[in-house]
Amino acid sequence: MNASDPADTPELRTVRTALMLACRAPSLHNTQPWRWIFDGTRLHLFSDPDRLLRSADPLGRQLVISCGAVLDHARLALLSMGWFADVIRTPDPNLPGHLATLEFRPWPGSLNTTAARIRAIRQRRTDRLPMLAPPGWIEVFDAIRELARPHHVAVDEVCDSDRPRLAAATDHATALRRYDMPYQNELHWWSGHSDAKEGIPVAALVSDAEGARVDVGRSFPAAPYSLRRGQLEDQSRLIVLSTLGETPAQWLRTGEALSEVLLECTARGLATCALTHITELVASRWVIADLLPDKGVPQVVIRIGIAPEDTDPVRTPRRPLEEVLEVRSLRP
Ligand SMILES: Cc1cc2nc3c(=O)[nH]c(=O)nc-3n(C[C@H](O)[C@H](O)[C@H](O)COP(=O)(O)O)c2cc1C
């Protein structure tokens, strides 16, 4: 793009349309902790420190993972509009919160393998209910592993015999946090309301009776009594995304890989739920790290399965674009 005036240009309209779609990306508690600046030529991604969850995420690890997810969504959304985005993941140290810059050029080529993931952006939802086992799992697992590989993010499956350890780590995390008031206040602030633009609405949460049938899941404020998916006990598969280290660059890449994995699963008709309640606490993080063949740093666990057709997944709200996109030059 070579527009010098960032007033209402075709380029800006493209950016706006692409970001409207990209902001469907998942984020911790639907905080949507990202900001974009379009300078008329390039699109710059920043994290939003006002949306840091100080108790659940004191280092901002999940804040950056969430930004990585929106970055990958933005790349795909631009591609769907005929623009190939080069992602420059070298933050400018003079710009606080700067994470990456997208430079784009026309892309006359076909979308090939990405088309299904682009379509999946509108369909993907976090599903916290019990799931059926995913069919054709070996093929699915190989595909998502390949998608994460370019981001240097490892994908490992939690085998059936190790699953009770994650369930126990879940119980432990829940118990540790039951009386952690800063954590509980934060959780209740961001979930269980019907805010029009952020947070997790009550309809996307599960009742106690439903949550009791999912062995590995974050404990949210319970939704009113309901018994969706009958007597189904969770049969999902669990995978772990991990990195070799613990740097913001690796967190960003984790978010990009998370986006690819969730969208690929959605494109294949599978339900997903990203989980980090057990990677937030040192003790439970060690439990997961111990299961990984390469002893990497566990970042995100994902439940993957089939949602029976008896329930419509809930579409969570998003902030208006004006709140997350500024059109101006980077420096005054
Ligand atoms: C970094 C990250 C961590 C998340 N952790 C959890 C979690 O521990 N438990 C959970 O149920 N959902 C988790 N989610 C899913 C978010 O709550 C969800 O993406 C958000 O509410 C928006 O809803 P949607 O995914 O349906 O669009 C996480 C998402 C991200 C990106």
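Ser207 is partly exposed, because 15 other C-beta atoms lie within 10 Å. The terms follow a count of other C-beta atoms within 10 Å of a residue's own: 20 or more makes the residue buried, 12 or fewer exposed, and anything in between partly exposed, with C-beta atoms placed from the backbone. This is a predicted model: local features need pLDDT of at least 70 and side-chain atom pairs count only at pLDDT 80 or more, while totals for chains, interfaces and linings use all residues. Residues are numbered from 1 along each chain as its sequence is written.

Ser207 sits in the loop between strand E7 (200-201) and helix H7 (208-211). Helices (H or I, at least four residues) and strands (E, at least two) are DSSP runs, numbered from the N terminus. Leaving aside residues up to four places away in sequence, Ser207 touches Ala222, Ala223, Pro224, Tyr225 and Ser226; contact here requires C-beta atoms, placed from the backbone, within 7 Å. Ser226 is 19 residues from Ser207 along the chain, and their C-alpha atoms are separated by 6.0 Å.

Another loop, between H7 and strand E8 (237-243), holds Arg229. Arg229 counts as buried because it has 20 C-beta neighbours inside 10 Å. Its phi is near 60 degrees, a positive value in a residue other than glycine. Most residues other than glycine have a negative phi. Gln32 also has a positive phi, near 50 degrees. Gln32 lies in the loop between helix H1 (10-22) and strand E1 (34-38), and is buried, with 25 other C-beta atoms within 10 Å.

The strands come next. Strand E2 (residues 43-47) runs antiparallel to strand E4 (residues 98-106), and four bridges join them. Two strands pair if DSSP finds at least two bridges between them. Within this pairing, His44 stands opposite Thr101 in E4. E4 also pairs with strand E3 (residues 83-88), in the antiparallel sense and over six bridges. There, Phe84 has Arg105 in E4 as its bridge partner.

The largest nonpolar core has 70 residues, among which Cys67, Val70, Ala74, Leu258, Val261, Val301 and Ile302 touch the most other members. Such a core is a set of buried Ala, Val, Leu, Ile, Met, Phe, Trp, Tyr and Cys residues joined through C-beta atoms within 7 Å. H2 gives the most to this core, with 12 residues. At least three core residues come from each of domain 1 and domain 2. Val261 touches Ile144, Leu147, Ala148 and Ile302, not counting residues up to four places away in sequence. A second, separate core has five residues, including Leu187, Trp190, Ile200 and Ala204.

Definitions and conventions:
Two residues are in contact if their C-beta atoms, placed from the backbone, lie within 7 Å. Domain bounds come from an automatic or database domain assignment.
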